[in-house]
Amino acid sequence: MEFIPSSSHTLGVEIEFQILDNKDLNLVPFAPLLLDQAPKILRPRLSLEFIKSILEIQTGICSNLRDVENDLLQTCALAEELAIDNDFLLYAASLHPFARAADQELSQNERYEKIMQELQIIGRRFISQGLHVHIGMPDGETAIRVCNLIQAFLPLFLTLSCSSPFYQGKDTGLMSYRTKLFEALPLAGIYEYMKDWQHFIEEIERLKKYGVIQGFRDLWWDTRPNPEFGTIEVRVCDLPVKFTSILALVALIQSSVAWLIEEAKTSTPLNPYLLKANKWQAARYGLEGRFVDPTGLLGDQPMKFRLAAMILKRQTTSYASKLGGESYLDNLDSIISGGTGADQMRRIYDNSNDFHQVVRGVQKEFWQ
């Protein structure tokens, strides 16, 4: 595999929306219909996922956060109008609160069909959506170094994006149940330290040789190099429930990458037990969880994720400013102080005892 270089810190963002019936608010399998009806200007930015109730919206290659905002404003608004014309709603969250996995229809796609044939019930239960962020890398060596370093801070991105506390009509007790569903997939989640780009290539070729994978896309890691796009792809996040929160997370991820490239010239293996503990705390407790920085860059004492997020924001603000993302990074303050989508969902449910009210309440505030 050849790593095709990209301009450093360029961005690409993927958002996976749920498609809901406007009346009963359940998932409906009409992503293929929306794709067929999409105008030419929109169609290249839409993609089907493995179940027909998910519609992915992709940006083009963006130079900065302003480009991301303008790109998503146009495509999301057009997709939303298309959905409304068909009496559907687009819903931003990582799990639908009461939809049943067994009711979902699979997309007719050879790759997805092979995956589902392999995964069986594990795959059938995986009716979740996420936020994926690509960051441009100048070369493969830099991509591998950033992948090694950024794994320490992925739980922070997760905790700020939590939006999946409910599943099939039950409160899971977690802030991000999507995370635990995802970890049931093979080769998913936390990944091992890679010495350099050649090491990554050798591991990929070894896995391909023995039939474990067909290509790097079969690695469902929380962050992975993407040699075709010349990026690293951060995949750990739930889908934030507000547009401003999506932009804030993208700004934090971009500025954190720039910070790590500049401040950490080398990478060493991170303590795997701390990585697993931090990720569990993020998925279970969100901002109230306990974080221990395995790099020591944010401090050497345990702290709440809420505090760690504030420190990471402070560390990366100067980089965000250089990249034109400081104003977007400031939107993190409302998440840190007011809570995540999961917090919002629980507040609505505690007051209404009605999952339909949860969906309505979250959906109408997406643009606020």
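In the structure, the charged end of Lys322 sits over the ring of Tyr319, at 5.2 Å from the ring centre. A charge is counted as sitting over a ring if NZ of Lys or CZ of Arg is within 6 Å of the ring centre and within 35 degrees of the ring normal. Arg178 is placed likewise over the ring of Phe182, with its charged end 5.5 Å from the centre. The model is predicted, and local features need pLDDT of at least 70, side-chain atom pairs count only at pLDDT 80 or more, and totals for chains, interfaces and linings use all residues. Residues are numbered from 1 along each chain as its sequence is written, and side-chain values use heavy atoms, with hydrogens and water left out.

Aromatic pairs were counted for rings of Phe, Tyr and Trp (its six-membered ring) with centres within 6.5 Å; planes under 30 degrees apart are stacked, over 60 edge-to-face, and the rest tilted. The count comes to 15 aromatic pairs. One of them, Tyr191 with Trp221, is stacked, at 5.4 Å centre to centre and 20° between the planes. This pair links distant parts of the chain, 30 residues apart: Tyr191 is in the loop between β8 (188-189) and α8, and Trp221 is in strand β9. Helices (H or I, at least four residues) and strands (E, at least two) are DSSP runs, numbered from the N terminus. Tyr191 is buried because its relative accessible area is 5%, where buried means under 20%, exposed over 50% and partly exposed in between (1.4 Å probe, protein chains only). Trp221, at 14%, is also buried. Phe366 and Trp367 form an edge-to-face pair, 4.9 Å centre to centre with 75° between the planes. Phe366 is buried at 6% relative accessibility, whereas Trp367 is partly exposed at 36%. Ring pairs also link Phe3, Tyr191, Trp197, Phe200 and Trp221 into a cluster.

Burial was examined elsewhere in the chain. In helix α6 (residues 154-161), eight of the eight residues are buried, among them Phe157 and Leu158. Leu158 is also touched by Ser176, as are Cys162, Ser164, Asp238 and Ala283, when residues up to four places away in sequence are not counted; contact means heavy atoms within 4.5 Å. Ser176 lies in the loop between β7 (170-171) and α7 (177-183) and counts as buried because its relative accessibility is 0%. Leu35, in helix α1 (residues 31-37), is buried at 18%. Beyond its neighbours within four places in sequence, Leu35 is in contact with Arg43, Leu46 and Leu48.
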